[in-house]
Amino acid sequence: MADLDDLREGNEFGLGVEATAQGFHVKGAANLPWGMKDRLSRIFNPKTGRAVMLAFDHGFIMGPTSGVERIDLNIVPLVEYADCLMCTRGILQSSIPANVNKPICLRSDAGTSILTELNDNVVMDIEDAIRMNVSAMAIMLAIGDPTFEAKTIANLYKAVDRGSRYNIPIMGVTAVGKQMERDARYFGLASRICAENGATIVKTYYCDGFDKVVAACPVPIVIAGGKKLPEKEALELCYKAINEGAAGVDMGRNVFQSTSPAAMIQAVHAVVHDNLTPDQGYEMFMDLSE
Ligand code: 5RP
């Protein structure tokens, strides 16, 4: 039995003081359950509402491309600077120390490689995601692909059903097929379809008219970095995306293929969270690269 000695009567009831109103810092998430919000809060910093996700799931399609040949050497030293890690379960279990204490956005679909056409046809069991204590699952959508559009939308839809049972957010990742226009109309369509089907985060690409893509998407958008750019241009990309409403970046090659990956991710972090201009971010990159 609990020790009842010196049990003190409560007398600070704040009578006349309104109960604290609880807002929530993630777009479109105010009505979600507590567990979902807790996971989203691990990804999106409650102070800034933003996130720097480090994407290194490239090997699941491309194999050991430049910058991800050795996860232990190339990626693990960057983990401390990321707000969230995006990778596959194989890499998570084999190569990421379990004590890094970072939220994981798990790449949760598979079925294709650079050697074949898109053939994204399996989604991981939700139980495996739970076992790995992930904070979100990422599912790719091939909007506009006549063969795989329906299949990949169904993948997202099912993942949302399963994620909802355990309060695991689902990130919809908008793939761009070779024949797709990379414009605001396409990314606006693809992002909105992700959100309409229940994604609580959308990953897409920056483009002209990005502010409209963001405005029409009721959940946070994080941008992929895309192909490697000179560092200053990559920081400009982050700056423009954030200023036009992105909630963060989910960047890979522009970090791990940089001449100084640790300096680059810290500069990206400062642009995203501290509103550094691209010039200031680049100066920081140069200082840290020395
Ligand atoms: C592919 C992905 C990748 O993680 C994404 O492209 C991010 O990497 P990068 O910044 O190198 O483009 O989600 O579906």
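1. Ground rules first. This is a predicted model, where local features need pLDDT of at least 70, side-chain atom pairs count only at pLDDT 80 or more, and totals for chains, interfaces and linings use all residues. Residues are numbered from 1 along each chain as its sequence is written.

2. The barrel. Eight strands close up in the order β1-β2-β3-β6-β7-β8-β9-β10, with parallel pairing. Neighbouring strands of this sheet are turned by 25° against each other on average, direction ignored. On terms: helices (H or I, at least four residues) and strands (E, at least two) are DSSP runs numbered from the N terminus, and two strands pair if DSSP finds at least two bridges between them. Axes are lines fitted to C-alpha atoms, for helices over the stretch in contact, with angles from 0 to 180 degrees between N-to-C directions.

3. Two strand pairs to look at. β2 (residues 84-88) and β3 (residues 104-107) run parallel over four bridges, and methionine 86 has cysteine 105 in β3 as its bridge partner. Five bridges join β6 to β7, also parallel; there, methionine 140 is bridged to valine 173 in β7.

4. β7 itself. Five of its five residues are buried (20 or more other C-beta atoms within 10 Å of a residue's own; exposed is 12 or fewer, partly exposed is in between; C-beta atoms are placed from the backbone). Ile170, Gly172 and Thr174 point one way, Met171 and Val173 the other.

5. Helix α6. The 18 residues of α6 (residues 149-166) should span 26 Å at 1.5 Å a residue, and the end C-alpha atoms are 26 Å apart, so the two agree; the expected span is 1.5 Å times one less than the number of residues. Its buried residues are Thr152, Asn155, Leu156, Ala159, Val160, Arg162 and Gly163. They pack against several elements, including β6 (136-141), β7 (170-174) and α7, a contact being C-beta atoms, placed from the backbone, within 7 Å. Asparagine 167 follows α6 and has a positive phi, near 60°.

6. Leucine 189. This one sits in helix α7 (residues 184-196). Leucine 189 is partly exposed because 16 other C-beta atoms lie within 10 Å.

7. The ligand. It has 15 residues around it, the closest being Ala55, Ala224, Gly225, Gly252 and Arg253; near means a C-beta atom, placed from the backbone, within 6 Å. β10 (248-251) and α10 (253-256) each supply at least two residues of this shell.

Conventions: Contact = placed C-beta atoms within 7 Å.
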